[in-house]
Amino acid sequence: MTKAQSVKRGITSLALLSALAISGCSSSDPNANLPSAVKTAGVPDQPSNQMYKQNTQTGPEILMSAGQNNGSYNNMRRSVTRGTLPEKNGIKLAEWVNFFPYDYPQPRGRIPFSAMSETSQTPWNQNTKLLRIAVKADDVKAAERPAANLVIFVGTDGSDLALIRQSLTRLAEKLTKQDTLSIITSSGDKGVLLAPTSGAERDKILSAIGKISSGKAGKDSERLAQAYNLANQRYVQGGINRVILVGNSGFNAGFSDIPSVQNFFSQQQGNISLTTLGVGVSKFQPSSLAEIAYEGNGVSAYIDNIRDADKVWDQQLNSTQTHVANEFAMNVEFNPSYVKAYRLLGYQSERNNGAASKGAVVTGQTLTALYEVVPAGGYENWSGEAYGPIYTPDSNSNLRSTKEMAMVHIRYKQPSNGASQRIEMPVPATQMETALNNSSKDFRFSAAVAAFAQQLKDNGATTGKFTLNDTLKLANDGKGSDQFELRGEFIQLVEAAQNQLPSSSPIKGTVK
């Protein structure tokens, strides 16, 4: 199925989406009142076409656009919180690993990306190495946060209004007198619930948030145009200018099909960025909000609890989220002098038509990819998925056979003129000697997330005798400062899943 076909299906099937289970969030436990988890659409390890493609000479190529998905992780969280394990078909390892913020270096000079690598012993396999590749787009942050001009468009029909109101309240707490907030809803006759208001007028903003109510009236697409008009009227030069769509994942902002979405955004002038937020959703695919973000070159995320909200609003208020690149792609060329075979964790199944990613990469965006590699001359047998082959570098390779275990190739197009650019980053062979206890906390935590995803998906086929006790130790070792308490929450989820597993499970370990 092509991207256009999947998008069209996502929009046109909106009427078939079931209503959400409406529930608020407990202030003491962010996960206490989550709606029940549901079956996640899709097949195992099948990310969207914009995320992965295969090249027979250089191996897997990961594509990145702003509209990355965190729905699979959220669905796991609500499943485990409700006392059940997630559907195996809905486990997306790459989404789980990329759900968390990491401490990645800032780009330097004129290149809009930083890239770093780290290699160490694979925690679950003593015969292989784990390679982590991290890419971060330029933050383009001012010394102090620039003024924000935000217009929120709330789709109230069938949405979790309690969580929306709670989330927007947290946003209001972060606004200052230099900021402006407007609120438009899909209910009511006029749509504008809050005209552009200074962040200093917090009581007025909170009063408007409290009045958000369910219902539907008028044409949502006209109200989206109204939101863009408000954003343009209060445009802040050098600041954050953004329209944010908030609702359940089926909120389509009044669009009936993809051509109407494309037509709308082709007519938008100026530099207003777009964010879509699925709040408290119980079905992650197809997602109209994610598809609208994709067509509008925006970013998309889900909010399941107040910790998610804190992370999202921090991102929305600390980056201009302007475009730094289009058609970003990354692949890793392995050196057969050091690497016999590899597997790219979380992207194994899909092969697409080779089309480059349409989506834009925005400031501050990150990408984490994990590769498990078999060292040259090392262990060959594999009880689960087969490793990919290593190809002999051709005359165009940048690899030096005595220096690098791999070469990371990044390509992208400049958003201003569409000129193609390339970045090459060598991965020193000396990294392969790093002991796990000498690796970074980010390395160990991302490895723990990857281990947990594999353990739940294949019950130990790819992680061997590595149990959830080992995953918990690894996650605790990599917890670090945990700004939004998401890593601590992950550790609690692993513990809960361990309790839910039968005693006969090979991954269970010993429950304390």
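This is a predicted model: local features need pLDDT of at least 70, side-chain atom pairs count only at pLDDT 80 or more; totals for chains, interfaces and linings use all residues.
Visitor: Is the pair of F334 and Y371 stacked or edge-to-face?
Guide: The ring centres of F334 and Y371 are 5.6 Å apart, and their planes meet at 70°. Planes over 60 degrees apart count as edge-to-face. The pair of F334 and Y371 is therefore edge-to-face.

Visitor: How many residues apart in sequence are the parts that F334 and Y371 tie together?
Guide: Both F334 and Y371 are buried. F334 belongs to strand β11 (residues 323–334), whereas Y371 belongs to strand β14 (residues 366–375), so the pair ties together parts whose separation in sequence is 37 residues.

Visitor: Which helices hold F452 and F490?
Guide: F452 and F490 form an edge-to-face aromatic pair, with 5.5 Å from centre to centre and 85° between the planes. F452 counts as buried because its relative accessibility is 0%, and F490 counts as buried because its relative accessibility is likewise 0%. The pair links distant parts of the chain, 38 residues apart, namely helix α10 (residues 441–458) for F452 and helix α12 (residues 486–500) for F490.

Visitor: The charged end of which residue sits over the ring of F445?
Guide: F445 belongs to one aromatic cluster together with Y73, W96, F99, F100, F452 and F490. Over the ring of F445, 4.6 Å from its centre, sits the charged end of R487.

Key:
Residues are numbered from 1 along each chain as its sequence is written. Side-chain values use heavy atoms; hydrogens and water are left out. Rings of Phe, Tyr and Trp (its six-membered ring) pair if their centres lie within 6.5 Å; planes under 30 degrees apart count as stacked, over 60 as edge-to-face and the rest as tilted. Helices (H or I, at least four residues) and strands (E, at least two) are DSSP runs, numbered from the N terminus. Buried means under 20% relative accessible area, exposed over 50%, partly exposed in between (1.4 Å probe, protein chains only). A charge sits over a ring if NZ of Lys or CZ of Arg is within 6 Å of the ring centre and within 35 degrees of the ring normal.
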